[in-house]
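The sequence and model come next, followed by the details.

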Amino acid sequence: MTKIDLNSDLGEAFGPWRMGDDKAILDVVTSANIACGGHAGDPATMVETLALASERGVVAGAHPGFADREGFGRRLIPLSVREVEQLVATQTGALMGAAALTGARVRYIKPHGALANWAADERPVADAIVRATRAVSPELAILAISGTELEHAARNAGMTVFSEIFADRGYLSTGRLVPRNLPGAMIDDPAEAASRLIGYLSSGLMPTVDGVPIPLDAHSICVHGDSPGSLAMTVHVRQELQKAGIEVAPFLQPTKENR
């Protein structure tokens, strides 16, 4: 592989609470998954983050999650399938409304946290996310965790779908991420993260904490914007990818509004 996107989860501040260094990370990544007011974010933060992304030619995506700020969207909320559709549609629509104020465009959706993990394993949840995305705009793509039910559901529905892997998360031999409460869930060392990614991009095999490396597809690499040292991690990963001859470029071409 000679080209890969680099994305980060951004716009996760709200009110007086700040999260991460979005402005600096937007100088490094090529796609931005922007919180939509559910797990984090508020109208002012959405508008600001979209404007910053647009100024830098960074492709913007919606990052809907459970309306659970106390748990940062990382606790499973047992919604009905219909409620999942409503959550994804309304949060994505809110971000698209904010984008209209900035001249930016929302190009894809990527579910956040526990919602993404739920959709990874449960086809009805994945199908609900796909239906909601198509209802809001058939032009939206889906960015899904590689090898998951959401990836399969989007493809089955004829949607444009891209697959992602994670720079700063460990993997199980099932292809799922190591739960955050278990050892090996987080990779904090930028050098370790970059070395693992370059090995993956040359072989197509992702190391796991409990078995042999597994094959995964990837169009994009995610670095979490809320993690300690996320900026240093993102900068180092991009530098090492480029040193290895891998072009860092968005999986969707920036629109006129993003240039």
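Does E151 count as buried, partly exposed or exposed, and at what relative accessibility? E151 counts as buried because its relative accessibility is 3%, where buried means under 20% relative accessible area, exposed over 50% and partly exposed in between, with a 1.4 Å probe and protein chains only.

## Basis of the model

This is a predicted model, in which local features need pLDDT of at least 70 and side-chain atom pairs count only at pLDDT 80 or more, while totals for chains, interfaces and linings use all residues. Residues are numbered from 1 along each chain as its sequence is written, and side-chain values use heavy atoms, with hydrogens and water left out.

## Salt bridges

A search of the whole structure finds 13 salt bridges, each a side-chain nitrogen of Lys or Arg within 4 Å of a carboxyl oxygen of Asp or Glu. E151 pairs in this way with R155, their closest N and O atoms being 3.7 Å apart, and both residues lie in helix α6, 4 residues apart, about one turn of the helix. R155, with a relative accessible area of 40%, is partly exposed.

D9 and K110 form another salt bridge, at 3.0 Å from N to O; D9 belongs to strand β1 and K110 to the loop between β4 and α4, 101 residues apart. Both D9 and K110 are buried.

A further salt bridge, at 3.6 Å from N to O, joins E139 and R105, of which E139 is exposed at 65% relative accessible area and R105 partly exposed at 32%.

Note on methods: Helix = DSSP H or I, 4+ residues; strand = E, 2+ residues; numbered from the N terminus.
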